[in-house]
Amino acid sequence: MSGRFRLGSVLVRPAPLRLTNALDVVVESSGSLLVADFSNRVFRLSGDRLTLVAGNGRPGRSGDGGRAVAASVGFPVEVAVHPRGGFGIVHDERWIRHVDQAGTIRTVSEFQQPTALAYDAAGNLFVSELLGGVKRVDATTGAVTSYTGFSQPHGLSATPDGTVYVADTFNNRVQRISSSGAITTVAAGLDQPNDVALGPDGNVYATDYGTGGILRIGPTGAVTRIADASGPSSVAVGADGTVYFTERDRGAVRRLGR
């Protein structure tokens with residue numbers, strides 16, 4: 001009776017898994033999607049199959065050292081694939097957690113209202129904070145480097161060499177932090193961009209919350225609106241160039257083209 005259990009004399013089937021409000025989406029190297037959901041859970045979506053990978057549905061933080069699916073992972077707003085396996089989670093506007101390849105969860109660190117995270121190829125951690133900063137945590141030494149001047153940044157994406165793209169939300173632009181720490185503007189004149197992703201074609205993709213647009217930003221800074229969305233909250237791009245995004249108050253992950 002796999003997938004079922006008996007309660008008294010009544011046979012009960014577990015409720016099917018479903019997305020209630022997809023807050024963030026990211027593409028794994030396998031092509032599967034990781035989805036942070038408002039239901040205090042993180043799911044993996046492979047084709048049309050949805051599986052639970054973190055969160056027991058209850059708010060708060062619990063379960064360090066144990067199975068991620070049995071842990072409390074309250075309000076997970078962002079997920080990011082770790083280059084050495086597993087993934088990171090931002091939740092409760094406070095915690096960074098890591099789930100390893102075996103499915104064990106641990107707390108990495110505490111930040112002041114973190115909104116997003118990203119890793120480079122070396123495993124260095126980048127975190128944006130609502131107060132306006134972006135921090136880099138060295139994977140080897142734990143040393144923290146701070147970058148300031150952003151206004152409530154809500155999205156990050158890192159290249160393998162440590163270049164980071166930032167959705168500088170209330171400065172209405174997308175910024176780039178080079179591996180040497182120089183900050184430059186990639187695109188300006190946007191309207192509350194709240195997530196950013198890199199495509200294999202070298203373009204940058206962003207959600208423009210204020211206008212309800214999914215944007216493609218070319219190498220010269222040219223901005224093209226490629227889709228309309230209802231309160232877009234996150235964007236991700238697969239290795240084949242497929243663009244995925246989520247929307248406010250909707251359970252689905254949407255896909256463009258291909």
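**Strands, a buried aspartate and some salt bridges**

Hi everyone, let me start with a charged pair: the side chains of Arg44 and Glu28 meet in a salt bridge, with 2.7 Å from N to O. Arg44 belongs to strand S5, residues 41–46, while Glu28 sits in the loop between S3 and S4, so this pair ties together parts that are 16 residues apart in sequence. Please keep in mind that we are looking at a predicted model.

How exposed are the two partners? Arg44 is partly exposed, at 26% relative accessible area, whereas Glu28 is buried, at 14%.

Four strands make an open sheet in the order S3-S4-S5-S6, with antiparallel pairing. The edges are strand S3 (22–27) and strand S6 (49–54); each has a single partner strand, so one side of each is left without a neighbour in the sheet. On average, neighbouring strands in this sheet are turned by 25° against each other, ignoring direction. Between S3 and S4 there are five bridges, and Asp24 has Ala36 in S4 as its bridge partner.

Staying in S4, which covers residues 33–37, we come to Asp37. What does a buried Asp37 do without a salt bridge? The nearest side chain of opposite charge, Arg41, is 6.3 Å away. The Asp37 side chain does reach the backbone nitrogen of Ala22 at 3.4 Å, and there is a polar contact of 2.7 Å with the side chain of Ser39. Beyond its sequence neighbours up to four places away, Asp37 touches several residues, including Leu19, Thr20, Phe43 and Pro76.

A quick stop at Ala71, in the loop between S6 and strand S7 (76–81). Ala71 has 0% relative accessibility, so this residue counts as buried. Leaving out neighbours within four places in sequence, its contacts include Gly55, Asn56, Arg97 and Ile105.

Which way do the side chains go? Val243, Phe245 and Glu247 point one way, and Tyr244 and Thr246 the other.

Strand S23, residues 232–237, runs antiparallel to S24 and is joined to it by five bridges; Val235 stands opposite Phe245. With strand S25, residues 253–256, S24 pairs in the antiparallel sense over four bridges, and here Tyr244 is opposite Arg255.

Glu247, in S24, forms a salt bridge with Arg254, at 3.4 Å between the closest N and O atoms. Glu247 is buried, at 1% relative accessible area, and Arg254 is partly exposed, at 35%. Elsewhere, salt bridges that share partners join Arg61, Asp64 and Arg97 into one network. One more pair is Glu129 with Lys135, at 3.6 Å: Glu129 is buried at 6%, and Lys135 is partly exposed at 23%.

Methods: Residues numbered from 1 in each chain as written. Predicted model: local features only at pLDDT ≥ 70, side-chain atom pairs only at ≥ 80, totals over all residues. Heavy atoms only, no water. Buried < 20%, exposed > 50% of the residue type's maximum accessible area, 1.4 Å probe, protein only. Helix = DSSP H or I, 4+ residues; strand = E, 2+ residues; numbered from the N terminus. Pairing = 2+ DSSP bridges. Lys, Arg positive; Asp, Glu negative; His and termini not counted. Salt bridge = Lys/Arg side-chain N within 4 Å of Asp/Glu carboxyl O. Polar contact = N/O pair within 3.5 Å; in protein donor to acceptor, adjacent residues only side chain to side chain. Contact = heavy atoms within 4.5 Å. Axes fitted to C-alpha atoms, helices over the stretch in contact; angles between N-to-C directions.
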